[in-house]
Amino acid sequence: MSSDQPFVTDDSQVLTDTRDARLAGADNRFNSKLREAFGSSPFILTKFDKFMNWVRGSSMFMLQFGIACCSIEMMHTYAVKHDLDRFGAGVPRASPRQADVIIVPGTIVSKFAPRMKRVYDQMPEPKFVVGMGSCTISGGPFQEGYNVIKGAEEVIPVDIHIPGCPPRPEALVYGVAKLQERIANGESSPVVVKPYELEQFGDLERDEIVDQLAEEIDTDDLVMRYNWADSP
Amino acid sequence: MSLERPETSESKSVQRHSADELADLLGDLVIGREEHINAPGYVIRPDSVQETLSLLKNEAGFDHLSCLTAEERADRYESIYHMKKFDDPTQEVSVVVPTSKDNPVSQSAEPVFRTADWHEREAYDLVGIEYEGHPDMRRILLPETWQGHPLAKDYDQERPQVVSLREHANPLQEDHRDDQDSETMYLNIGPHHPATHGVLHLECTLDGEQVADVNPDIGYLHRCEEQMCQNGTYRYQIMPYPDRWDYISAGLLNEWAYARAAEDLADIEVPEYAQVIRTMGAELCRIAAHMLAVGTFALDVYGDFTAIFMYAIRDREKAQNILEDLTGQRLMFNYFRLGGVVWDLPEPREEFFEKTRDFLEELPEALEEYHDLITGNEILQSRTIGTGVLPPEVAKNYGATGPVLRGSGVDYDLRRDDPYGYYENLDWNVIVEDGCDNYSRLLVRMKEVEESAKIIEQCIDILEDWPEDERNIQSNVPRTLRPEDDTEIYRAVEGAKGELGIYIRADGTEKPGRFKIRSPCFSNLQTLPEMSNGEYVPDMIASLGSLDIVLGEVDR
Ligand code: SF4
């Protein structure tokens, strides 16, 4: 580039010079294949939605959420050997307000289900759910118990199910990677109204049980109703 | 323990009472006698529970109410109090309290043993017996609006249920209303909270920064384990469940509890070779379990997720690898069978031995690191020494066991005091610390890891020299087991958290009539209010961490 011709610039020369400066030299930390492809231009064109989906899939904040045995394997997945963080999905957040993925690792029982639903409701949109282990899928080994919900799907919508009792950390990593792939492609399970939602006690259909409880429970109380006979 | 056993048993010699002596002691209180496999049983009237238990406690030295089993029988309800001595747990006695079918009310044992508080609430919740004089007769495991008692005979499992989700009221507010300086505040911790080790709900009332009252609210992981076991056959279908009680990799320890009870019930011998394998596997589990306890304790006390927690997981991972080689699974081992274990050590054996030896060799260095990072750390010391104090008498009264009890200076370890497996023939020590605080409970766990390593090492030496044609991993066990009708047994082992006991009543079929799990964490957690009332909130969290609870075992 010569300085006495300020208004005439040789584009190709600039491109190459900048590129060479970036590619060569002692410090080439910033050079990547991507940079090479883009040249010096810091702009790319894509659809905003696509970009956002890619962003969402690449930086997932997981809710720190442990229920039962599966959560032990989940801890191993976060820890040294398996290190979920490598996949852009390993920042455990203690508060649902800061998280966008909830891994449900364990058996859900009647007393816990409304609490879990509340935690899920507190997460900001868009949010995703990974169901870890047989219990979360169907109640697992405890399916026939009097107190066990037959799968997290009865309470909150689940995006990915990972079978196993417990699934190995590798399986969880695979499941999370699959979820990321789906999010990046803009797929996730639609949020539908599920059979068990929190309701106000006063609005429940009056049957024998409701009548029995009517004196004990305030009509404004939130309640969850379990119909064991009809659940799968 | 063989080398020191004679001396300890002498120094600990505790007066033994024959069944008739005890009957004389109780005199008119006894209205009938029973013979359980583990202990003599005395039937008493439902209104003389306190009198009987205090006689046994004060006059005969049965100071450990280890378990309470409630059950509905064809013609009556029954509560069985299992009593032992901390100084010699082989001395046991059962007190059987029948009550009528139409009015199942029995006197509460709570004034005699504090531990009866939760045990009786559980019996009320699941079976439906009411305890008169109990301070707080509410449901404990199931939601408060639950209808019916699931382990009672007429329970209809198909019936719909309604579960409420309420705001919780401050129980102390009234007391402090006119005192301007000590406004109390109500704080819920859990059931979803990083410091509660699972789904535990602590209803705390704070007076400024201090804990005025804390009430652990459990039942968020009540998975009907007792019902599941009652629906399974002895031979195969029950064994998978124990793995899921204390799921912090303590699987083999739990399996042993069931195996021990069922083997004694059905008179099954276990070959010596299998006993050595069991002992080795169980201690590997103990190491894995204590590692996680130490890691999460550091996490609770100073939020150390990056160093200590990761170190602990690293070492756990090694133990898990060995266990995976041995059993084929990482967490839910399902390795024990009645009468032995399911398969022999993995081939090539040399490789397995070498791997285990490597692990043991690296362990002292790793433990050194932990001691540098944890027990030698001034911050941790000032946070844990002298906090969460649990005096030995209180701990005993609550039926606390395991590292919690040993951290309070009580020398009680079922591996030595009520020997099973191969422990008797090995050389190791029971770790006891008398600080009674959070620090000494931590110290007990860390030192126990060393003792477990010693045991494993000796087991490996023995297994390595075992002649090839005598490797008998299972004895002959009939295909279906039908222990005689109405035989009853209570047997316990030393789990990672303490005394894990199983009560079985056989009803002549191939499934147990009643299967009761006495979990150490259930009793240990009961001591939390004792330890934390008047302390700061973070110290309460540290106390909770030092109890090392697993909700799968608290709620079962
Ligand atoms: S799937 Fe298995 S390991 Fe996971 S919570 Fe259920 S019982 Fe435990």
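This is a short tour of a predicted model, stop by stop. Residues are numbered from 1 along each chain as its sequence is written, chains are lettered from A and ligands numbered from 1 in the order written, and side-chain values use heavy atoms, without hydrogens and water. Local features need pLDDT of at least 70 and side-chain atom pairs pLDDT 80 or more, while totals for chains, interfaces and linings use all residues.

**Chain A**

Select Phe51(A). It sits in helix H3, residues 48-58 (helices are DSSP runs of H or I, at least four residues, numbered from the N terminus). Phe51(A) is partly exposed, at 33% relative accessible area (buried is under 20%, exposed over 50%, partly exposed in between, with a 1.4 Å probe and protein chains only).

**Cysteines of chain B**

How many disulfides does the structure hold? Zero, over all chains (a disulfide is a pair of cysteine sulfur atoms within 2.5 Å). Select Cys67(B): the nearest cysteine sulfur, in Cys229(B), is 14 Å away. Cys67(B) is buried, at 1% relative accessible area. Go on to Cys459(B). Its sulfur is 13 Å from the closest cysteine sulfur, in Cys285(B), which is too far for a bond. Cys459(B) is also buried, at 0%.

**Leu252(B)**

Now pick Leu252(B), in helix H7, residues 251-266 of chain B. Leu252(B) is buried, with 0% relative accessibility. Show its contacts (heavy atoms within 4.5 Å). Beyond neighbours within four places in sequence, they include Cys285(B), Phe333(B), Tyr335(B) and Phe336(B). Last, select Asp63(B): its C-alpha is 29 Å from that of Leu252(B), and the two are 189 residues apart along the chain.

Technical notes. Helices (H or I, at least four residues) and strands (E, at least two) are DSSP runs, numbered from the N terminus.
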